[in-house]
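Thanks for coming, everyone. I have a few local features to walk you through. Let me put the structure up.

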Amino acid sequence: MSEVVLSIRDLKQHFAIGGGLFSKKKYVYAVDGVSLDIKTGETLGLVGESGCGKSTVGRTLLKLYEPTSGKIFFEGRDITDLSVKEMANLRKEMQIIFQDPMESLNSRHTVGGIMAEPFEIHGIGTPEERRVWVEELLVKVGLPKTAADRYPHEFSGGQRQRIGIARAIALKPKIIVCDEAVSALDVSVQSQIVNLLLDLQQEMNLALIFIAHDLSVVKHISDRIAVMYLGKIVEIGDAETLYRTPKHPYTQALISAIPNPDPRKRNKRIILKGDVPSPMDPPDGCHFNARCMHATDICRQTRPELIALDNQGHQAACHLVQPDD
Ligand code: SF4
């Protein structure tokens, strides 16, 4: 049985905006009470439309943002209130890969310089050793050793993402958050990067949190999937169960949008009305009620909690959903 590497409990991230002389402070309820456990060697897909809070969950659980409330545990240790200085050592264990690697790759430095940085920050190795490690990492992610002497802008998007991955794995982390890591890439390059991540995961027994707005991207790689809507998880379960028998109407709509090349297996597409409401002013009751074709009065008044549907970890938050027999 794999061990839980990271847990979050009732995590909230409310960003304050405004609050000047003439305006009242308002809050963006980006993450509003999310609980998750991520195990060693597991891939958890975190999906939902833009604005649902999935990237904020990823960044808050790494403590790149200080949580408003809730708890974060790394290997059983409560790290919620650790200072930046206290987190410095833990940063080795918890990494992130961004959608646009250019954001994290300093364009004025060579790839070798960028990749040696994590070792320098943590005072690991001599310059000669770092050079060797950088070359080994480049080869591991499918790039030539000579890439170390070039600059990020000289590479394609897929190659830059390989550099981002090499940097993320340099210090042998235990968990990596992949924040829309393949969303900007062509489909063929996407699958190469996904395969690389899966190979590295196996080799290093990594826990991966794979954040994507597109369920078809996470479908094949996730052990479990959590679906988010307006700051909350509305359904979670093992990937196969979630795809075979999605219970929440939002999950059903997302799954219906996945293209199936086999015309005999194509589902009727469920078209959602409108966009995700503003996280500054979430609707009463079920946050999804304005877009849900099954909404009734109770949905507009009472917020449904996540309930267990089986004893395998499948949960959904919807008044219409009952536990399996
Ligand atoms: Fe739809 Fe109601 Fe279920 Fe929300 S609680 S998803 S509005 S049926």
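One term before we start: buried means under 20% relative accessible area. Also keep in mind that this is a predicted model.

Take helix α1, residues 54-61. Of its 8 residues, 6 are buried, so the helix is largely enclosed by the rest of the structure. The buried ones are Lys54, Thr56, Val57, Gly58, Thr60 and Leu61. After α1 comes Lys63, with a positive phi near 65 degrees.

Where does Glu180 sit? It lies in the loop between β7, residues 175-179, and α7. Is Glu180 buried or exposed? Its relative accessible area is 9%. The cut-off is under 20%, so Glu180 counts as buried.

What does Glu180 touch? Leaving out residues up to four places away in sequence, it touches Lys54, Gln99, Ile211, Ala212 and His213. Within its own stretch, the side chain of Glu180 makes a polar contact of 2.3 Å with the side chain of Ser183. As for Lys63, its C-alpha is 18 Å from that of Glu180, and 117 residues separate the two in sequence.

Next, a helix pair. Two packed helices are described by the angle between their axes and the distance between the axes. Our pair is α6, residues 157-169, and α7, residues 187-204. Their axes come within 10 Å and cross at roughly 15 degrees. Angles under 35 degrees count as roughly parallel, and α6 and α7 are therefore roughly parallel to each other. The crossing is right-handed.

Which residues make the contact? From α6, they are Gly158, Gln161, Arg162, Ile165 and Ile169. From α7, they are Val189, Gln192, Ile193, Leu196, Leu197, Leu200 and Met204. By class, that is 8 nonpolar, 3 polar and 1 charged.

Now look at the loop between α7 and β8, residues 207-212. Asn205 lies in that loop. Its phi is positive, about 55 degrees, although it is not a glycine. At 46% relative accessibility, Asn205 counts as partly exposed.

Last stop: Asp10, in strand β1, residues 4-18. Asp10 is another residue other than glycine with a positive phi, near 50 degrees. Its relative accessibility is 41%, so Asp10 counts as partly exposed.

That is the tour. I'm happy to take questions.

How values were computed:
Residues are numbered from 1 along each chain as its sequence is written. This is a predicted model: local features need pLDDT of at least 70, side-chain atom pairs count only at pLDDT 80 or more; totals for chains, interfaces and linings use all residues. Side-chain values use heavy atoms; hydrogens and water are left out. Axes are lines fitted to C-alpha atoms, for helices over the stretch in contact, and angles run from 0 to 180 degrees between N-to-C directions. Helices (H or I, at least four residues) and strands (E, at least two) are DSSP runs, numbered from the N terminus. Angles under 35 degrees count as roughly parallel, over 145 as roughly antiparallel, 65 to 115 as roughly perpendicular and the rest as oblique. A crossing is left-handed if the near helix is turned anticlockwise from the far one by less than a right angle, and right-handed if clockwise. Contact means heavy atoms within 4.5 Å. Ala, Val, Leu, Ile, Met, Phe, Trp, Tyr, Cys and Pro count as nonpolar, Asp, Glu, Lys and Arg as charged, and the others, Gly among them, as polar. Buried means under 20% relative accessible area, exposed over 50%, partly exposed in between (1.4 Å probe, protein chains only). A polar contact is a pair of N or O atoms within 3.5 Å; within protein, one must be able to donate a hydrogen and the other to accept it, and residues adjacent in sequence count only if both atoms are side-chain atoms.
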